[in-house]
Amino acid sequence: MGHHGRVATENAVAQVGTAPTTTQKRPGMGAKSVKDMVLSLAAVMLAGLVIYYFIPHSGGNGVHAVEGGITSSVDSARRAAPYPVLAPSGLPKGWTATQVNYDGMDATNAVWSLGYIDPNRQYVSVQQSNGSAAAFISSVTTSGVKVGGTSTINGATWAHYQGTDYRALVLETPKVTTVVTGTESFAAMDAFAATLRSS
């Protein structure tokens, strides 16, 4: 009996070592995977909605203020840019800076951008570049075309453009192209442009 007991034990050990490695799903695993996928998709969609809500767009719903204000960014851009960087001075109450950026990686196409939501919850920005004027204007005005009318602001004549999403005031000089663009009326953008200063 002892001998047979030992053989039975050895056979059991051998069977354990050669057991199939195929794992079977526990009941409910398929449903759990689908649930996890749906939750992940919902999280991605929620993140997209948050990004859409807080980035300025044609609906003028971007209301996320620039943290810490814009002063240090303006000062840094003015030190680095190869042209006079413009920013508003003395804007009335109710304007919120929502976006500020200076990209000087390419000295021949350095781009300055400063965007606001105004008291009417419309988007207005000033953008500048010393690169190709035509390409820059097309980009920031959403493929805008020149329309009738001009604005004379602080002694300079700005052309009017109308794009698919934005209208714009455009001032071209030998050193830099400046565009005031947004969802506001030309009159409101004239008033904003009148506040722009280089220091």
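Buried here means under 20% relative accessible area. Keep that cut-off in mind, and note that the model is predicted.

**Whole chain.** Start with the cartoon. The protein has 5 helices and 9 strands. Along the sequence they run α-α-α-β-β-β-β-α-β-β-β-β-α-β. Colour by accessibility: of the 199 residues, 33% are buried. Now switch to contacts. Among those with a separation of 6 or more, 49% join residues 24 or more positions apart.

**Helix α5.** Select residues 186-193. F186, M189, F192 and A193 are buried in this helix. Look down the axis of α5: the buried residues fall within an arc of 115 degrees, so they line one face of the helix.

**The largest nonpolar core.** This core holds 27 residues. Select W112, L114, V126, W158, L169, V180 and L196, which touch the most other members. Then show α3 (71-80), β2 (96-103), β3 (111-117), β4 (123-129), β7 (167-172) and α5; each supplies at least two residues of the core. Which of these elements gives the most? It is α5, with 4 residues.

**W112.** Centre on this side chain and show its surroundings. Leaving aside residues up to four places away in sequence, W112 touches S73, V74, A77, Y83, V85, L86, V100, N101, Y102, V126, Q127 and Q128.

Another core, of 8 residues, lies apart from the largest one. Select F136, Y161, V170 and V179, which are among its members.

**Helix α4.** Move to residues 133-140. Which residues of α4 are buried? They are A133, F136, I137 and V140. Their arc around the axis is only 95 degrees, which puts them on the same side of α4. Next, show what the buried residues of α4 pack against: β3, β4, β6 (156-162), β7 and β8 (177-182). Step just past the end of α4 to T142, where phi is positive, at about 50 degrees.

**The largest pocket.** Finish with a surface view. Rolling a probe the size of a water molecule over the atoms shows where empty space is left. The largest pocket contains about 220 Å³ of space. Its lining comprises 14 residues. Select L86, Q128, W158, L171 and T178, the lining residues nearest the pocket centre. How does the lining divide into nonpolar, polar and charged residues? There are 9 nonpolar and 5 polar residues, and no charged ones.

Terms used
Residues are numbered from 1 along each chain as its sequence is written. This is a predicted model: local features need pLDDT of at least 70, side-chain atom pairs count only at pLDDT 80 or more; totals for chains, interfaces and linings use all residues. Side-chain values use heavy atoms; hydrogens and water are left out. Buried means under 20% relative accessible area, exposed over 50%, partly exposed in between (1.4 Å probe, protein chains only). The arc is that of the directions from the helix axis to the C-beta atoms. A nonpolar core is a set of buried Ala, Val, Leu, Ile, Met, Phe, Trp, Tyr and Cys residues joined through side-chain atoms within 4.5 Å. Contact means heavy atoms within 4.5 Å. On a 1 Å grid over the protein atoms alone, a cavity is a set of points where a 1.4 Å probe fits but cannot get out, and a pocket is an open set with protein on both sides within 12 Å along at least five of seven lines; lining residues have an atom within 4 Å of a point. Grid points are joined across faces, edges and corners, and a volume is the space filled by probe spheres set on the points. Ala, Val, Leu, Ile, Met, Phe, Trp, Tyr, Cys and Pro count as nonpolar, Asp, Glu, Lys and Arg as charged, and the others, Gly among them, as polar.
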